[in-house]
Amino acid sequence: MADDSHPQTTETASLGELYRGSGIAEVLAQLDAELVGLAPVKQRIRETAAFLIVDKARRAQNLTSGPPSLHMCFTGNPGTGKTTVATRMADILHRLGYIRKNHLVAVTRDDLVGQYIGHTAPKTKEVLKRAMGGVLFIDEAYYLYRPENERDYGQESIEILLQVMENNREDLVVILAGYKDRMDRFFKSNPGLASRIAHHIDFPDYSVQELLEIAELMVGKMDYRLDDGARAAMAEYVARRIRQPNFANARSIRNALDRARLRQANRLFGAAATGSQAPGRDELMTITAADILASRVFRQTSAADGEAAHAPLSDR
Amino acid sequence: MRITQGQFSFLPDLTDDQIRAQIEYALGNGWALSVEFTDDPHPRNTYWEMWGLPMFDLKDAGGILYEINGCRKAYPKHYIRVTAFDSTRGWETPRMSYIVNRPPEEPGFGLVRQEAEGRKIRYTVHSYATDRPVGERY
Amino acid sequence: MPDEAKQCVTGNTDKRYQAGVIEYTKMGYWEPDYQPKDTDLICLFRITPQPGVPPEEAAAAVAGESSTATWTVVWTDRLTACETYRAKAYRVDPVPNTGPGTNTEQQYFAYITYELDLFEPGSIANLTASIIGNVFGFKAVKALRLEDMRIPVAYVKTFDGPPTGIVVERERLDKFGRPLLGATTKPKLGLSGRNYGRVVYEGLKGGLDFMKDDENINSQPFMHWRDRFLYCMEAVNRASAATGEVKGHYLNVTAATMEDIYQRAEFAKELGSVVVMIDLVIGYTAIQSMSKWARRNDVILHLHRAGHGTYTRHKNHGVSFRVISKWMRLAGVDHIHAGTIVGKLEGDPNTVQGIYNVLREPKNEVDLQRGIFFEQDWASLRKVMPVASGGIHAGQMHQLIHYLGEDVVLQFGGGTIGHPAGIQAGATANRVALEAMIQARNEGVDLWNEGPAVLEKAAKWCEPLRQALKLWKDITFNYESTDTPDFVPTETASA
């Protein structure tokens with residue numbers, strides 16, 4: 001249809017239409033609003049969206065490209081927004097018509113791999129069928145492969161996964177996620193899988209400043225606010241916490257805030273018990289420095305530093 | 001002959017896209033779908049073999065088509081049907097059933113008549129396919 | 001209870017039971033403050049009072065005459081807990097669009113409740129003898145119609161209901177997700193057994209699920225019942241073998257006596273028929289007997305509503321068919337002819353849909369537009385499969401499915417047998433039209449607007465359907481219905 005001798009003006013026009021009609025702008029705006037920072041990730045998402053729109057426009061003009069491979073790999077430390085971005089990615093793919101349903105099924109090794117012979121194939125297929133029409137998100141995908149145990153059923157799962165990723169491209173987009181170094185090793189041992197992943201997105205750790213913005217965003221969503229003292233305490237908290245083991249970026253911030261809310265409630269309750277006036281709306285919303293400074297993070301650095309390592313939840 | 005069980009046997013065989021559309025209708029109603037196959041399509045043969053369990057909680061027809069195609073690959077010359085089960089109170093029964101695969105040649109049925117007392121006749125519908133052992137029928 | 005009424009009923013008993021004739025309202029049959037109990041049976045009557053009779057008095061009179069009252073005071077009332085047994089009219093509303101300024105005499109909707117103990121458990125005969133026994137000839141009302149009835153769950157549970165019901169019938173027949181197709185053998189009179197069975201075979205092999213005897217096919221000189229049964233079952237079994245489907249023929253077992261009916265039903269069962277048929281004219285007791293028989297013998301029970309038009313059609317006098325439908329669901333039939341909307345017989349769309357809902361829903365909500373005045377919990381009584389029969393053809397398939405849904409038997413008698421290329425072609429045309437329409441509906445096609453296009457498309461590859469559409473395309477029966485609802489939805493201002 002595309003005739004070289006006659007430059008097609010409709011093509012560029014339809015690109016704009018595709019962009020506006022698809023509502024991708026809204027998804028990207030939503031991504032900007034709900035995710036602080038992550039500039040390189042957002043850039044990659046924009047590029048991917050642009051690629052998909054152009055691919056669609058090309059296909060509308062009968063230009064050969066074949067269905068693009070859409071399977072992806074998201075690498076980064078815990079709490080860097082991989083699941084959230086995967087959900088938005090499903091949204092984008094759905095709006096552009098690359099998947100039929102806007103849904104994401106998130107699983108780990110335990111959902112895919114069975115305990116005994118003959119258990120794994122039906123389990124993996126079950127998950128794949130549930131995800132069909134949408135996105136399958138496999139967190140810490142490298143656990144599927146355990147080279148130390150040659151009879152491990154994970155390999156069986158990977159083989160079925162590969163088959164479906166190849167034969168049912170129209171039905172399913174797979175996103176593998178996990179730590180970057182482990183994922184790289186995993187791909188090295190499973191070149192078949194690596195070759196089917198077209199898009200790699202790396203999620204960097206958040207800076208202290210970004211984590212503080214995340215904290216503000218989170219308290220706002222829960223109808224709380226930090227007073228000035230609390231804000232300063234939070235900055236100090238983040239600076240300390242980030243150096244401790246098991247730091248999980250945004251997830252650690254959420255945990256810290258959940259504990260601060262507990263302490264705030266306890267403080268208000270204690271005051272009421274000693275005969276103070278009932279707290280007003282403002283007090284019910286406000287988290288103060290004390291609520292944050294009571295965290296173990298502050299005690300640990302001053303006294304027993306090593307304790308955090310074996311605390312099951314070092315965010316305390 | 002052409003067996004006309006199921007919802008759409010008088011129409012030309014459904015394409016995969018048409019099958020998908022019907023599955024989407026069932027999923028939209030919250031029904032679970034199952035794939036069943038048989039080499040004996042006698043009208044009273046209720047229990048065809050199950051190709052796996054009915055599929056609950058699926059959101060898209062892709063998963064069911066995946067199983068239909070798996071069943072077709074394993075049993076290309078069998079009858080295969082898709083059944084949709086409704087679990088709501090007052091139904092709790094199939095709400096849809098249609099054939100998605102049939103043998104290239106359908107041998108059909110003979111009618112066996114046994115003369116009984118008076119002018120009564122006892123009728124038996126006989127599947128020609130079952131004249132041969134399982135595994136050699138089509 | 002207002003003071004005045006209370007005095008009449010309980011206070012000044014001397015006056016209430018003095019010999020003589022007093023107004024029904026004063027006898028305790030009018031209790032405007034009465035709150036119906038969950039166990040009460042409630043009737044809605046349409047009353048046209050005689051000139052000069054106030055609506056409350058007319059309502060009280062109906063309550064009285066359908067329960068304990070007689071025309072004069074009797075002292076023997078005082079030997080009973082008569083207040084319990086008295087039916088109570090508790091509400092009268094003027095019927096919309098009647099009375100001054102309209103072409104119709106003023107009518108009223110009267111709500112009357114009946115104590116549960118007035119009725120024998122599980123007996124339609126007793127229920128109807130109570131409610132419609134004498135009162136319809138009563139002089140104080142000019143005309144009277146039983147519009148609707150709320151049957152308390154406690155009474156519903158004394159009935160077995162349909163022996164098979166929609167769910168089990170579909171499982172037995174292995175037919176899901178589409179209306180069933182049938183046809184009445186024509187001509188209804190004069191065919192010999194052998195010729196009759198030919199029609200049955202052709203229709204079933206062509207694609208119908210059922211063939212049917214007509215209501216007046218019993219055992220006449222031209223064809224005795226045993227012959228008919230034998231030839232029809234040959235046809236049914238041949239068609240089943242030819243298609244791989246379960247097929248059936250409604251063998252009409254209606255006869256002069258119950259003994260004959262049982263004899264014919266037994267013979268049908270021995271021959272392996274999945275279904276037998278009775279006519280409404282055999283009476284409620286016979287229907288209930290046959291329901292029990294059908295339940296014992298795993299046979300579907302088809303009811304033709306022969307004769308109902310004599311008392312259901314007129315809007316101001318008689319019994320509405322929705323009430324008959326409720327009684328038949330209690331009595332226990334599996335199929336009942338319930339209207340087509342688009343065919344040759346009486347049937348306003350809303351009224352017919354109301355009747356279908358009564359037959360098929362687990363619970364009816366109040367739906368004035370469809371003539372349903374009461375919430376009705378069916379307490380897990382099985383669902384009756386409605387049958388749409390009379391003057392319908394393949395070209396109306398989209399309208400039929402739009403109005404009637406998929407749990408219905410569509411009976412195309414003339415629309416099958418009158419096909420120019422023969423009965424098999426006629427049956428095939430109907431089955432193709434049906435399957436194409438269900439397929440399209442499930443794919444999300446708007447049947448009301450796109451239905452004709454769906455039929456045209458299928459007719460491109462199905463010659464019998466093309467012929468059917470060509471022959472009957474302009475046949476419609478557009479007459480005004482007489483049995484129409486009194487309530488129309490009011491337009492919302494915000495539209």
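Over which residues of chain C does the pLDDT stay under 50? The sections below take up this stretch along with the rest of the predicted model.

## Basis of the model

This is a predicted model, in which local features need pLDDT of at least 70, side-chain atom pairs count only at pLDDT 80 or more, and totals for chains, interfaces and linings use all residues. Residues are numbered from 1 along each chain as its sequence is written, while chains are lettered from A and ligands numbered from 1 in the order in which they are written.

## Confidence

For the complex, the predictor gives an ipTM of 0.96 and a pTM of 0.87. Chain C has a mean pLDDT (the predictor's confidence in each residue, from 0 to 100) of 91, with 93% of its residues at 70 or more.

The stretch asked about is residues 1–11 of chain C, which has 13 contacts beyond four places in sequence. Two residues are in contact if their C-beta atoms, placed from the backbone, lie within 7 Å.

## Chain B

Chain B contains 2 helices and 6 strands, in the sequence order α-β-β-α-β-β-β-β. Helices (H or I, at least four residues) and strands (E, at least two) are DSSP runs, numbered from the N terminus. The C-alpha trace of chain B spans about 55 × 35 × 25 Å along its principal axes.

Of the contacts in chain B between residues at least 6 apart in sequence, 52% join residues at least 24 apart.

## Contact with chain A

Chain B places 8 residues in contact with 11 residues of chain A.
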